[in-house]
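Here are a few notes to go with the model, written as numbered points. Have a look at the structure before reading on.

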Amino acid sequence: MADVTLRKVIKRYDDVEAVRGIDLDIADHEFVVLVGPSGCGKSTTLRMIAGLEDITDGDIMIGGDVVNDVPPKDRDIAMVFQNYALYPHMTVAENMSFGLRLKRYPKAEIKTRIDEAARMLDIVELVDRKPKQLSGGQRQRVAMGRAIVRNPKVFLFDEPLSNLDAKLRVQMRIEIKKVHQKVRTTTVYVTHDQVEAMTLADRVVVMNHGRIEQIGTPNELYHKPATRFVASFIGSPAMNFIPCRLEDVGGKLNIRITDRIAFPLPPARAARYQGVSRTDKLLLGVRPEHITEAKPHSEPGIEPFDAVLDVTEPMGMETLIYFTLEGAQICGRVNPNAGARDGSPLRLAVDLNNMHLLNEVTGVVL
Amino acid sequence: MSTLAIDKAGPTRKTKYGSMSRDRTWALRWSYFFLILFAIFSLVPPIYMLITSLKSSAEISAATNPWWVYHPTLSNYVELLTSNQFLTFFRNSAFVSVFVVTITMLISVPAAFALSRMRFWGSATLATGVFLTYLIPDTLLFLPLFKMFAVFGDWTGIQLINRWYVLLLLYPTLTVPFATWIMIGYFASIPKELDEAAIIDGASWFQTLTRIFIPVAMPGIIAATIFAFTVSWAQFLYPLVFTTSTDQLVLPVGIITSLIKGDVFNWGQIMTGALLGAAPPLIIYAFLMDYYIAGLTAGATKG
């Protein structure tokens, strides 16, 4: 058990900077997920914590000690790989005990630990099998078991669920969460799947182009994204971005989208955006769940408008609707009984109490 | 799920069985035709050897049907297997081959591991270099090598020429590069995560090699072993050049030098010796093929 700290960590390959100065504090027992598109530097960061990659500059600390030049085996970490990386010639029990046997733990101790981990992961009856006799989900459990028996300071997961089918992925996600609740080991988990990140993490680190875009709890990232990248990456279907600008109309602040469509801002929002230049190119960010069918009576901050739907996708509990506004494709979620049909008009309402305003050029959420 | 969908769609589509199976039949016929052709091509010489080895010298020189034995005899076999000289050749060959295989594997497996995994400066160039060495024919090398050993003998007084163990230094120049190359290829097929997992589990490079790579690459090691054995068992030029005394000769050279006296060819014994000499590699192939299971890496990673 230990905390992990990254200070201005940089990784450069020949002429490419994969990780461009990362600062990250991971508390003891914390489950932190690094998430981002492929090539964002998340795996490299994890591999640097593991010691599988040298760091070009900066410091990595595990449990308060700088481990920059400490080899992986002395960092007291365990890693679960995307493709499981089980030793094919060893049984499940041998796979799990390999690290302990190398460290010459007493046989009885090894057995206790394997039994305990096997019971936790529900693989007791598999311990004498070889990896090729196991299914993908079982292999993944064994790989986790191999990490658990070592009882390390830090667990590192490198996209452990990417090779599983969708159903199994959901199941293993819950499994990983359960394991973490039991062993409470500090965990760094890398994934490109924002759902995994949101469901597993105590805190999510969103990375892009080798930099950290934002660190926060899943809720913070969802409701208070700092940049356009985070706003669009977190949440599915993704947040809508509609080109707009601010204008003053009779002492009140309006948000103008087209010549015909403009909404008055709710007072709280108006106060917040008062200082924004009226000439700046802006983006109105609205999540699909905040674009719904119009209610018969008006509520403060919820503004009705008309749209012609391009496509509708009935999902059962809701219907996703798509329409075009100022050249941007907009997605909304309406009640299945709201009468949404392909190609037909519908009266919609946008909830501006939950809107975001972004600078189109810098991508910063205002 | 997808198979179910296809099954349902089945009846509405007209399936053509004819052309597909006709193509297959013809493909099979051609395969068998060429397989039989090549089988005849490669089996006729050993069969001819076997027939000749069962004949007496008189019958061989008589103008009878060369493909039939009228008076079969085992005298050639008895004579060879009771001759001390032939057994010495056999023993020398066995010693040389076993030692050469051992030396080759001891060098090439760690070398291949280092070249494929340790990523030091110039490792890629060195790997290619190893393979290029193999491309130099031994017919180009035996003269300079002979000179080297002669000079070495002059300087140190240690005489290596005309000793069977000089072959232990010579054969690895042929076997090590190729065996290393085979092993580099095999190690390259082992996923990188496997050694990373071992490193994180606390294994040193040496432990990663002995406890992970060697067991996992067993099929490759067996292939390289068979190769090294075949090369050293069948090598002719080096022993012909470097060994001359009859007690230092290996089988291929021994048969030629002791059974051909001037222009007198003892065909019966030559054929018998060649057949007996071909037996060990055959046995080793047959024995090791059982362990030659290429699918050993299955299960290490996905798929």
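**Notes on the interface and the salt bridges**

1. Chain A and chain B bury about 2,300 Å² between them, with carbon and sulfur atoms giving 62% of that area. Buried area here is the accessible area (1.4 Å probe) that two parts lose on being put together, summed over both. On the chain A side, A:Pro88, A:His89 and A:Leu102 lose the most area to chain B, together 23% of what that side buries.

2. A word on the ground rules: this is a predicted model, where local features need pLDDT of at least 70, side-chain atom pairs count only at pLDDT 80 or more, and totals for chains, interfaces and linings use all residues. Residues are numbered from 1 along each chain as its sequence is written, chains are lettered from A and ligands numbered from 1 in the order in which they are written, and side-chain values use heavy atoms, leaving out hydrogens and water.

3. Who takes part in the contact (heavy atoms within 4.5 Å)? Chain A brings 28 residues and chain B brings 25 residues.

4. Now for charges across the interface. The rule finds two salt bridges between chain A and chain B; a salt bridge is a side-chain nitrogen of Lys or Arg within 4 Å of a carboxyl oxygen of Asp or Glu. A:Arg150 pairs with B:Asp201 in this way, with the closest N and O atoms 3.0 Å apart.

5. Over all chains, the count comes to 21 salt bridges. A:Lys8 and A:Asp23 form one of them, at 3.2 Å from N to O. A:Lys8 sits in strand S1 (residues 4-13) of chain A and A:Asp23 in strand S2 (residues 16-26) of chain A, so this pair ties together parts 15 residues apart in sequence. Strands are DSSP runs of E, at least two residues, and helices are runs of H or I, at least four, numbered from the N terminus.

6. Are these two buried or exposed? A:Lys8 is exposed at 54% relative accessibility, while A:Asp23 is partly exposed at 31%. The cut-offs: buried is under 20% relative accessible area, exposed is over 50%, partly exposed is in between (1.4 Å probe, protein chains only).

7. Compare A:Arg141 and A:Glu175, which meet in a salt bridge at 3.6 Å, N to O. A:Arg141 is in helix H4 of chain A and A:Glu175 in helix H5 (residues 166-183) of chain A, so parts 34 residues apart in sequence are tied together. Both A:Arg141 and A:Glu175 are buried.

Terms used. Contact = heavy atoms within 4.5 Å.
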